[in-house]
Amino acid sequence: MAARIDATFARCRAEGRAALVTYVMAGDPDPETSLKVLEALPASGADIVEFGLPFTDPMADGPAIQAAGLRALKAGQGVAKTLDLVRRFRAGNAETPVILMGYFNPIHTYGVARFLNDASAAGIDGLIVVDLPPEEDDELCLPALAKGLAFIRLATPTTDERRLPAVLANTAGFVYYVSINGITGTATPDFAAVGTAVGRIRRHTALPVVVGFGVRTGAHAAAIAKGADGVVVGSALVDALHRTLDGAGQATGGSVEAVSTLVRELAAGVRSASARAA
């Protein structure tokens with residue numbers, strides 16, 4: 001199923017542009033709204049979707065995504081229900097890659113073998129599990145690769161030349177470059193520095209390099225898209241959804257459209273960068 005990721009990047013390269021990768025939290029603020037948001041992402045211009053697996057104690061996520069995870073957990077979202085949402089999404093969309101992003105504890109509790117079987121059956125294409133370093137590849141990375149799921153690793157501004165080969169060793173699908181030192185959604189990247197970092201990573205791998213953390217607007221997406229193979233946006237979309245919730249934290253009639261509107265802006269930004277480059 002990781003072939004969907006490869007096919008998507010090939011299509012974007014043929015169109016002369018970067019891919020737009022969008023992140024939302026599974027089950028936020030409730031499962032049915034979450035499914036509608038997931039379905040709206042490709043229709044609004046997203047090429048790849050990352051679906052957050054809610055967890056009580058994240059270490060890379062900023063306040064917006066932390067709050068979304070807590071809303072989802074309060075609504076009863078867990079591993080099984082998250083995979084069920086992906087299964088339902090796949091009933092209407094067989095093309096868009098879905099990456100599950102989260103932490104190892106819920107997967108470990110669910111059972112690694114059971115999780116990989118169920119994730120594959122649901123239509124998951126890849127995993128981003130941010131708290132499993134290369135030294136722990138036997139835990140999940142290698143079994144996932146054997147199951148046909150891409151295991152996507154994060155590189156950061158502090159990943160030096162000595163560490164980078166270990167980070168890339170079993171990475172598949174794409175490399176996710178974290179554009180800032182810190183947690184998601186808390187700072188704007190230095191776009192020139194990001195371009196230099198992407199070039200450095202490309203000297204070590206043929207995989208696409210996508211950039212996330214801190215990208216919030218169409219202008220940000222355009223700036224990143226000039227030099228990267230993909231642009232990831234998460235906290236801004238989670239915030240857009242959150243702003244539409246009522247006083248009880250429930251979805252309103254504008255919730256899905258708020259996310260869709262921002263995705264269309266981001267997609268236009270990515271495509272404008274390719275147009276200028278051409």
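**Phe-104 and a helix pair**

Mentor: Phe-104 sits in helix H5, residues 104–110 (helices are DSSP runs of H or I with at least four residues, numbered from the N terminus). This is a predicted model, where local features need pLDDT of at least 70, side-chain atom pairs count only at pLDDT 80 or more, and totals for chains, interfaces and linings use all residues. Residues are numbered from 1 along each chain as its sequence is written, and side-chain values use heavy atoms, with hydrogens and water left out.

Trainee: Is Phe-104 buried or exposed?

Mentor: Phe-104 is buried, at a relative accessible area of 12% (buried means under 20%, exposed over 50%, partly exposed in between, with a 1.4 Å probe and protein chains only).

Trainee: What does Phe-104 touch?

Mentor: Leaving out residues up to four places away in sequence, Phe-104 touches Val-112, Val-129, Asp-131, Leu-132, Glu-139 and Leu-140 (contact means heavy atoms within 4.5 Å).

Trainee: New topic. At what angle do H4 and H6 pack?

Mentor: H4 (residues 79–90) and H6 (residues 112–122) pack at about 20°, with axes 8 Å apart (axes are lines fitted to C-alpha atoms over the stretch in contact, and angles run from 0 to 180 degrees between N-to-C directions). H4 is therefore roughly parallel to H6 (under 35 degrees; over 145 is roughly antiparallel, 65 to 115 roughly perpendicular, the rest oblique).

Trainee: Which residues meet there?

Mentor: From H4, Val-79, Leu-83, Val-86, Arg-87 and Arg-90 meet Phe-115, Asp-118, Ala-119 and Ala-122 of H6.

Note on methods
Helix = DSSP H or I, 4+ residues; strand = E, 2+ residues; numbered from the N terminus.
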